[in-house]
Amino acid sequence: MIDIEIEDEAWADALPDAPVLVRAAALAALEGAGRRPAAAETDSASGLVAVLLTDDEAVADLNAEYRRKAGPTNVLSFPAAQNPEGFLGDLALAYGVCAREAEQQNKSLADHLQHLVAHGVLHLVGYDHMNEDEAADMEGLERRILAGLGVADPYAAEQGDHD
């Protein structure tokens, strides 16, 4: 139900359990947002969310093409149009940006990955942080989701840009 593609082997080298971490964070975010997957969806050949673990260059290309912004960012979310299959959308994460942020913020790459996946999935289901109230709601939900995964409060330290 969570399709994961590792395009940049740096993810697999740094986090051999990256697929397990991504899947757990995505499912926790879906449940936290009240989007509990049906049994049919968990057994489906196609996923609800597709996650691409790639490099900075690929994310920079996506960022330029779809957001008209230069350079890479940590995570990009691409919500799908409503569809009968229930597909929610795609996430793309840039290894270099994520690894640098984790180091700068003194957190493990595993924890940072789970935070960014949860953050991205929340965007796919309609959450945003365009104003203070939305940001407070979304950050509170992220904190609860991540606490359930055993990940420390991601907002206790300075954070990078989330898209």
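In strand β2, Val-51 is the bridge partner of Ile-4. The structure is a predicted model, in which local features need pLDDT of at least 70 and side-chain atom pairs count only at pLDDT 80 or more, while totals for chains, interfaces and linings use all residues. Residues are numbered from 1 along each chain as its sequence is written, and side-chain values use heavy atoms, with hydrogens and water left out.

Strand β1 and strand β2 (residues 49–54) run parallel and are joined by 5 bridges. Both belong to an open sheet of 4 strands with mixed pairing, in the order β1-β2-β4-β3 (strands are DSSP runs of E, at least two residues, and helices runs of H or I, at least four, numbered from the N terminus; pairing requires at least two DSSP bridges). Because β1 (2–6) and β3 (75–79) stand at the edges with a single partner strand each, one side of each is left without a neighbour in the sheet. From one strand to the next, the twist averages 15°.

Helix α4 (residues 56–67) packs on the sheet and touches β2, β3 and β4 (89–94) (contact: heavy atoms within 4.5 Å). The direction of α4 makes about 45° with that of β3 (axes are fitted to C-alpha atoms, for helices over the stretch in contact, and angles between N-to-C directions run from 0 to 180 degrees). Helix α6 (residues 109–124) also packs on the sheet, touching β2, β3 and β4, and its direction makes about 150° with that of β4.

The axes of α6 and helix α7 (residues 132–148) cross at roughly 130° and come within 10 Å. The helices are therefore oblique (under 35 degrees is roughly parallel, over 145 roughly antiparallel, 65 to 115 roughly perpendicular, the rest oblique). Residues of α6 in this contact include His-115, Ala-118 and Leu-122, and those of α7 include Met-138, Leu-141 and Ile-145.
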